[in-house]
Structures are given as C-alpha cells and as structure tokens.
Amino acid sequence: MMGGMRWIALLMAPALFGQDARKFLDDAEKNLLRLSTEAAQADWIRANFITYDSEMLSAVEDERAIAEGVRLAKGATKFDRVKLPPDMARKMMLLKLGLTLAAPSNAEESAEVTRLAASLEGTYGKGKYCDESKKCFDVEDVTRIMANSTDQKELLEAWTGWHTISPVMRNDFVRFVELSNKGARELGFKDTGAMWRAKYDMPPDDFAKELDRLWEQVRPLYNSLHAYVRWKLREKYGDAVPANGPIPAHLLGNVWSQDWTNIYKLVAPANADPGYDLTEILKSRKTDALGMVHYGENFFQSLGFAPLPRTFWERSLFVKPRDRDVVCHASAWDIDFVEDLRLKMCIDITGEDFYTVHHELGHNFYQRAYDKQPYLFRDSANDGFHEAIGDTIALSITPAYLVKLGFIVKEPDASKDIGLLLNKALEKIAFLPFGLLIDQWRWKVFSGEIPLEKYNEAWWQLRLKYQGIAPPSARSEAFFDAGAKYHVPANVPYTRYFLADILQFQFHRSLSQIAGCKEPLNRCSIYGNQEAGRRLNTMLEMGLSKPWQEALYSLTGQKQMDATAIRDYFAPLQKWLDEQNRGKPVGW
Ligand SMILES: [Zn+2]
C-alpha cells in the first residue's frame with residue numbers, strides 16, 4: 001500500500017534538481033532586490049512627504065513586494081526534498097521565514113488580512129482621547145504628560161485615556177489572528193507565533209526556553225531595581241504605592257511602563273550628580289543636527305570603518321521640515337541594499353538624540369558591512385543583532401570619552417558612577433521584562449492558548465508576572481490594553497528588542513576585553529580602538545549568511561546569548577541597590 005502511494009507520488013511530482021534550485025534562487029534574489037528597492041524608494045517618499053498620493057503609491061509597491069515574498073516562500077517549499085548545498089538550503093529557509101505576515105492563498109482572505117493590518121496600524125496612528133472639556137490628546141501629548149507630571153490625578157487620566165484608543169481594535173485583531181494563522185499554516189507552521197520563533201536557527205520551542213533562561217539570569221537585578229524604585233515612589237506618592245505589591249503602572253514615567261528614565265529625579269541617589277548635562281554641553285557648543293551625526297560617524301571611523309558615502313549626506317533627513325508632514329520617528333535606511341544609506345530623523349540637540357544618532361548609525365554601518373553578501377544574506381544575524389549594534393557603540397559614550405571630545409574637562413570620580421548606572425538601569429533593565437512579555441502574550445494568542453475571552457486578563461497576568469506592575473484603574477474584557485502599544489496593532493515582532501538589550505552588553509564586554517580595558521565595564525570605551533573595530537566588522541560582514549550562533553562566536557567566542565554581561569556591567573549598582581534595599585521587601 002505504502003509503496004504504491006509513493007510510486008504514484010513520484011510519477012506525479014515534477015522532477016526538481018539542484019540546478020532548478022539555483023535558477024529559482026537567482027531569479028528570487030534578482031526580483032526581490034528590484035521590488036524591495038522600488039518599495040524602499042516609494043516608502044522613503046511617503047515618509048518624507050506624507051500626502052494621499054505618496055501613501056497610495058507606497059502601498060501599491062509594498063503589496064507587490066509582499067505578494068512576491070509569499071509566492072517565493074511557497075515556491076521554496078517545492079524544494080523541500082531536494083538535497084542542496086548549505087548556502088542554497090539556507091536561502092530556501094530564509095525565503096520561507098522572511099515574512100512577518102503570511103497572507104492565505106485565498107484571494108479574498110488575502111485582501112482582507114492586508115486591509116486589516118493597514119487599518120489596525122492606522123487606528124493606532126490616529127489614536128487620541130478627549131477629556132470632559134473636549135481637549136484631545138494624542139500619543140505625543142500622553143508621552144509628555146507621563147514623562148513630566150507628578151500629579152497623580154493627571155497621570156491617571158492620561159494613562160486611562162490612552163487605553164481607550166484600543167477596544168475598537170479588538171474584533172479586527174481577532175479576525176487578523178485567524179487569517180494570519182491560516183496563511184502561516186499554508187507555509188507549514190503551526191501558527192504565526194511559531195513562524196516568528198522559527199527565525200532563530202533553533203527549534204521554535206527551544207528558542208522560547210532560551211528566552212526564559214536569559215530572563216532568569218537578569219531577574220534578580222530587575223527585582224532589586226523594582227524594590228528600590230517602589231520604595232522611592234512610596235516616599236513620593238504614599239499609600240498609592242503598596243509596600244510589597246506591584247507598582248501602579250501610571251507612576252513610572254511612561255504610559256507602557258517600559259522605560260523609567262523619566263522618574264530618575266524621583267529616585268536619584270544623593271550626591272550622584274555627575275556635574276555635567278550632555279544636552280547643555282551640546283547646546284553651549286552650538287552643535288547643529290549635522291554636527292550630531294558627525295559625532296556618530298566619527299566614532300565608527302575611529303574604529304576603522306570608512307566614512308559614510310556622499311549620498312548619505314545629500315539624501316538623508318536630519319531636520320524637521322517646516323512646510324510639510326514627515327514621519328519624525330527616527331529610522332535608518334538602506335534603499336538599494338548596497339550604498340544608498342540614509343538616516344531619517346528630526347534631530348533635536350539633546351543628550352537623548354545624541355544616543356539615538358549612534359543607535360541609528362549602527363544600523364547603517366551594519367547595512368554597509370554586509371553589502372557584499374548575496375541579497376538574501378543582507379540582513380543581521382538575527383533581528384536582535386541589528387538593534388544592538390548602535391546601542392553597543394553608545395555604551396562607549398562614557399565620561400572618559402566625553403573628555404576626549406572636549407565636552408568636559410575631567411572625568412567625574414567613581415562615586416558618581418551610581419547615578420549614571422541607575423539612570424541607565426531605568427532604561428535598559430526596566431525594559432527587559434516588557435521586551436519579553438509582548439510576544440509571550442502574542443505567541444499564546446496566536447496559538448490559541450489565550451482564548452479571546454481572556455485577552456485582557458492574560459495581558460495583565462503577564463504584566464504582573466514579569467514587570468510587577470498593576471493597572472491603576474479597573475480592567476475587564478471590554479478593554480484591549482495590548483492594542484495600546486504600537487507593535488501589537490502594527491504586527492511588529494517584539495522579541496528583537498529584548499535580545500538587543502541582552503546582546504549589546506555581551507558585545508560591549510567582548511569589545512572592551514579586545515580593546516584591553518581593565519576598568520569596570522561601565523567605564524570602558526572602545527573609541528579609537530582599531531582591533532575592536534576589526535573584530536566587530538568581521539561579525540557585521542557575515543550578515544545573515546550563517547546561523548547567528550556563529551556570528552556571535554566570531555566576536556565573543558560564545559555560541560549562546562549570555563546575560564551575565566549585564567550583571568557584570570551593573571555590578572556596582574547591584575551592590576548599591578542591595579544596601580539600599582536592606583530590610584525592605586523585594587518582589588511582589
Ligand atoms: Zn533601531
């Protein structure tokens with residue numbers, strides 16, 4: 001019986017061989033390069049000139065590129081049984097994994113899921129709420145209030161108000177999950193979440209376990225930070241903050257409680273002022289937007305990287321235009337996947353944007369480093385790597401480096417390190433559980449483990465479990481609080497940001513060792529060290545051509561992601577937090 005079936009299948013299957021595979025891949029790379037370049041050009045115009053027409057044209061180009069991606073992903077499955085050389089097999093795999101959204105083959109359903117995706121993102125983009133006096137607030141207003149206010153009533157209103165933008169998304173999102181899962185199943189995945197997890201060069205379930213392992217490595221530091229911050233907030237806000245329970249989500253300086261830097265002033269240690277303010281320095285030196293970018297470029301050049309191409313300076317957007325709408329959210333572009341690199345950013349002369357410039361240029365230098373690879377390998381080793389490179393460089397913006405730039409005359413002494421470290425922990429350590437839980441929730445939603453009548457309940461269970469925070473007003477299934485975070489309606493996978501947060505410290509630790517830094521990690525800067533630059537470039541050049549474990553190994557000598565580098569970097573802070581927390585409750 002089995003034999004007979006096989007015989008028939010063999011007779012009916014078209015004979016596919018290695019040379020067919022090579023032609024298929026050559027055509028795929030040629031088509032994708034052309035379509036992606038055209039889509040990037042249309043997208044660049046849309047982002048720099050937001051008009052009805054530029055949005056229409058960009059949507060058409062995007063749709064063409066996605067349709068070709070789906071066609072090629074399905075085409076690649078035809079070679080599943082053909083034995084191929086490793087680089088060709090890897091390209092086939094990447095074609096199958098390249099999609100974030102797999103549209104079902106049914107034309108009506110495909111159109112529906114694309115429309116839902118656009119409309120969910122659009123609903124978020126237009127999101128605002130209005131108070132009793134009919135004054136309305138969008139995401140930028142909410143961000144400003146959360147960052148600057150210490151008025152509990154105002155914070156509660158802003159937090160609760162922002163979470164009214166998303167219930168309207170709920171039904172669309174449910175249908176979106178259903179259709180995108182259907183598309184993922186047609187490509188052979190269990191569901192969309194499994195498709196996302198499959199991109200990490202290991203079995204999807206092993207990857208999930210790997211994240212748990214990393215989280216367990218950093219959890220003690222997070223718990224210490226949480227306990228200290230809770231105690232300081234309790235000093236400020238009284239019984240609104242429980243002594244040993246979760247922190248109310250509206251008091252952490254950010255509407256998603258994902259970055260606590262804005263409450264630094266409420267929790268700052270005494271006598272920790274480093275004696276300088278980067279924003280003030282940049283302003284007093286009359287640094288302009290172009291100057292900010294040159295500082296970033298100069299850092300990479302000091303490591304041995306070539307200067308950015310002339311077209312970068314001609315075609316980028318650095319200053320917010322006065323006469324038209326642009327997407328100001330900072331981003332780095334690689335229009336032709338070779339040399340046409342660009343930055344799009346409405347640069348403010350602030351310390352924060354100084355760091356952001358380095359983050360974005362990290363993308364651009366990565367893009368150029370892998371531009372000799374075949375098209376399908378022109379990407380980072382995994383998506384966390386791309387987000388981590390610029391931040392790795394930014395970890396080298398130490399007081400000693402600022403002395404080299406002539407920004408400050410001498411380094412503040414080591415007693416000021418605690419303030420600098422605490423400030424960085426409020427950004428990087430506070431973020432970790434948030435970076436993890438978004439996809440913990442979404443993967444379970446895609447798999448059906450979280451049924452739709454428990455979307456919001458499960459969301460808050462995860463927020464409690466990982467972040468130790470609680471909603472400040474009553475929640476129920478009438479709300480859809482996950483939808484109040486951009487990446488959920490916009491369907492952008494989020495685990496990359498968690499990985500980037502871990503990887504940047506691992507990279508920094510290795511690069512500091514290569515550069516021969518003998519000081520504590522938080523005082524190491526690799527500025528001007530060509531050997532560190534060479535080793536970094538070796539990893540960047542590999543692009544996506546090899547499993548990420550090999551790229552990681554080439555720089556760090558490790559094949560596993562390792563959060564002990566974070567523990568090392570923050571070791572002085574951990575010690576200080578332990579002293580502060582003595583006799584106080586830790587955990588929730
Ligand atoms: Zn980025």
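This is a predicted model: local features need pLDDT of at least 70, side-chain atom pairs count only at pLDDT 80 or more; totals for chains, interfaces and linings use all residues.
**Disulfides**

I searched the whole structure and found three disulfides. Taking the bonded cysteines in sequence order, I read the pairing as 1-2, 3-4, 5-6.

I began with Cys130 and Cys136, whose sulfur atoms sit 2.0 Å apart. The torsion about their S-S bond is about 100°, so I noted this disulfide as right-handed. Cys130 is partly exposed at 45% relative accessible area, and Cys136 is partly exposed at 34%.

Next I looked up Cys517 and Cys524, with 1.9 Å from S to S. Their link is left-handed, at -85° about the S-S bond. Cys524 has a relative accessible area of 1%, so I call it buried, the cut-off being under 20%.

Then came Cys328 and Cys346, with sulfur atoms 2.1 Å apart. Cys328 lies in the loop between helix 14 and strand 4, and Cys346 in the loop between strand 5 and helix 15.

Which way do the residues of strand 4 point? Ser331 and Trp333 point one way, Ala332 and Asp334 the other, and all are buried.

**Cores**

The largest nonpolar core has 159 residues; Val229 and Trp441 are among those touching the most other members. Helix 18 gives the most to this core, with 17 residues. Apart from it I found another core of 16 residues, including Met92 and Leu376.

Definitions and conventions: Residues are numbered from 1 along each chain as its sequence is written. Side-chain values use heavy atoms; hydrogens and water are left out. Buried means under 20% relative accessible area, exposed over 50%, partly exposed in between (1.4 Å probe, protein chains only). Helices (H or I, at least four residues) and strands (E, at least two) are DSSP runs, numbered from the N terminus. A nonpolar core is a set of buried Ala, Val, Leu, Ile, Met, Phe, Trp, Tyr and Cys residues joined through side-chain atoms within 4.5 Å. A disulfide is a pair of cysteine sulfur atoms within 2.5 Å.
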